[in-house]
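Please keep the sequence and the structure in view while reading.

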Amino acid sequence: MSLSDDLAHLQQDALAQFAAARTSEAVEAVRIAFLGRNGRIKELQKAFGQASAEEKRALGALFNQCLESVKQAHQNAQLGLAGAEVDEPIDLTLPSGARHLGSVHPLSQVAREVEEVFTSMGYTVIDGPHIEQDEYNFGRLNIPADHPARDAQDTFWLTSQGWRDGDRLLRTHTSAVQSRTYRLVGEGTLTPPFRRVVVGKVFRYEAVDATHDNTFTQVEGFVVDKEITVAHLVGTIRTLLTAVLKRDDVEVRLRPSFFPFVEPGFEVDVRSTSAEPGSRLSRWVELLGCGMIHPRVLEQGGVDPSRWQGFAFGLGLERLAMIRHDITDIRLFNGADLRSLHQFGTGA
Ligand code: DAH
């Protein structure tokens with residue numbers, strides 16, 4: 001093929017491609033392909049350089065004209081784009097994008113209610129760190145290193161340079177905040193009596209299914225005072241459940257149980273006498289652990305157990321919210337599926 005044919009082809013291709021380019025990226029790509037440093041025009045220019053003087057004379061004008069027309073096509077393509085942007089019609093009658101009002105997460109709603117009930121009973125709301133030390137999460141709660149009670153709480157241990165740290169972990173329960181609080185007494189910055197409640201995240205190395213999550217929320221309440229009895233504990237729990245489950249017929253039942261940081265320890269079941277037959281609360285539902293704070297736990301923190309005693313309890317907030325709203329899958333809470341969450345919508 002002769003140089004003049006090549007020139008004609010190139011010009012034809014370039015004009016067609018610039019005309020077809022619809023975006024600025026596409027126009028730029030065509031420019032690089034033809035007018036770029038290694039583009040087709042540069043290639044042809046090299047070939048032209050090797051042509052005889054006679055050919056050069058004959059084709060010089062043709063070459064310049066081809067170059068000019070490609071440049072012009074590039075300019076036109078750019079102008080076309082700018083025009084397209086300006087000419088885009090704006091339809092003022094179209095409905096605007098829907099705006100959704102956010103709502104308070106169902107867990108946060110229940111958490112607020114729990115905190116309200118407890119503050120009305122003279123409790124202070126506190127929290128502790130999510131990254132805890134063995135000492136507070138286990139040791140000071142009467143769960144020494146080799147105690148089998150550790151097995152009940154599959155733990156996320158932190159690592160340090162690839163090795164298990166041996167000391168730091170993601171707290172497995174909010175009871176860790178109890179040991180932190182008692183320690184303040186030993187340090188002289190807190191004096192009994194006191195009532196505290198914690199609503200906070202806890203973490204367990206659990207296989208996730210409809211009733212287990214590896215990240216969930218616990219409520220921990222504890223009272224240190226004089227002449228505190230199990231009757232105070234039962235009354236407190238009944239007050240909590242009446243308020244949060246929004247029923248005035250809740251019945252609670254205590255079963256003896258073992259938790260290293262209380263003595264005696266109980267598990268509490270709840271039911272509602274007016275619940276519809278067949279509904280969840282028509283039968284006993286296991287809900288929480290509690291007991292009288294173990295004297296050794298108080299002592300470890302520096303609280304004199306011959307002068308002070310108290311009760312403590314801990315329960316899963318998700319479980320409470322599930323009973324309250326008849327939710328059957330715990331994964332809904334951390335799942336961030338707005339279709340489910342909006343059903344519990346309430347303004348902030
Ligand atoms: N910390 C316990 C757990 O996560 C729950 C618990 C049981 C808390 C008994 C308490 C208690 O304060 O007295 O399994």
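## Briefing: the ligand and its surroundings

The ligand is surrounded by 16 residues, of which His173, Ser175, Arg204, Gln218 and Glu220 are the closest; a residue counts as near a molecule or strand if one of its heavy atoms lies within 4 Å of it. The model is predicted, so local features need pLDDT of at least 70 and side-chain atom pairs count only at pLDDT 80 or more, whereas totals for chains, interfaces and linings use all residues. Residues are numbered from 1 along each chain as its sequence is written, and side-chain values use heavy atoms, with hydrogens and water left out.

**Contacts of the ligand**

- An N or O atom in the side chain of histidine 173 lies 2.9 Å from a nitrogen atom of the ligand. Such a polar contact is a pair of N or O atoms within 3.5 Å; within protein, one must be able to donate a hydrogen and the other to accept it, and residues adjacent in sequence count only if both atoms are side-chain atoms.
- Serine 175 places a polar side-chain atom 2.9 Å from a nitrogen atom of the ligand.
- Alanine 312 contributes a polar backbone atom, which is 3.1 Å from an oxygen atom of the ligand.
- Taken alone, the ligand exposes 360 Å², and the protein buries 90% of that. Accessible areas come from the Shrake-Rupley method with a 1.4 Å probe; for residues, only the protein chains shown count as cover.

- Glutamine 218, one of the residues closest to the ligand, lies in strand E6. Helices (H or I, at least four residues) and strands (E, at least two) are DSSP runs, numbered from the N terminus.
- Glutamine 218 counts as buried because its relative accessibility is 11%. Buried means under 20% relative accessible area, exposed over 50%, and partly exposed in between (1.4 Å probe, protein chains only).
- The side chain of glutamine 218 also reaches the backbone nitrogen of threonine 174, at 2.8 Å.
- Nine of the eleven residues of E6 are buried, so that E6 is mostly covered.
- E6 pairs with E5 in the antiparallel sense over ten bridges; two strands pair if DSSP finds at least two bridges between them.
- E6 is also joined to strand E10 (residues 309-316) by eight bridges, and these two strands run antiparallel.
- Valine 223 in E6 stands opposite arginine 195, and valine 223 also stands opposite phenylalanine 311 in E10.

**Aromatic rings and charges**

- The whole structure holds nine aromatic pairs. Rings of Phe, Tyr and Trp (its six-membered ring) pair if their centres lie within 6.5 Å; planes under 30 degrees apart count as stacked, over 60 as edge-to-face and the rest as tilted.
- Phenylalanine 156 and tyrosine 205 form an edge-to-face pair, because their planes stand at 75°, with ring centres 5.5 Å apart.
- This pair links distant parts of the chain, 49 residues apart: phenylalanine 156 is in the loop between helix H6 (134-137) and strand E3 (157-160), and tyrosine 205 is in the loop between strand E5 (194-203) and strand E6 (215-225).
- Phenylalanine 156 is partly exposed at 26% relative accessibility, whereas tyrosine 205 is exposed at 57%.
- Phenylalanine 259 and phenylalanine 261 make a tilted pair, 6.2 Å centre to centre and 35° between the planes.
- Phe118, Tyr123, Phe311 and Phe313 are linked into a cluster by ring pairs.
- The charged end of arginine 180 sits over the ring of tyrosine 136, 4.2 Å from its centre. A charge sits over a ring if NZ of Lys or CZ of Arg is within 6 Å of the ring centre and within 35 degrees of the ring normal.
- Lysine 226 lies over the face of tryptophan 308, 4.7 Å from the ring centre.

**Backbone features**

- The peptide bond from proline 192 to proline 193 is cis, with omega near 5°; proline 193 is in the loop between helix H7 (176-187) and E5.
- Glutamate 263 and proline 264 are also joined by a cis peptide bond, with omega about 0°, and proline 264 is in strand E8.
- Glutamate 227 is not a glycine, yet its phi is positive, at about 50°. This residue is in the loop between E6 and helix H8 (230-245) and is exposed at 68% relative accessibility.
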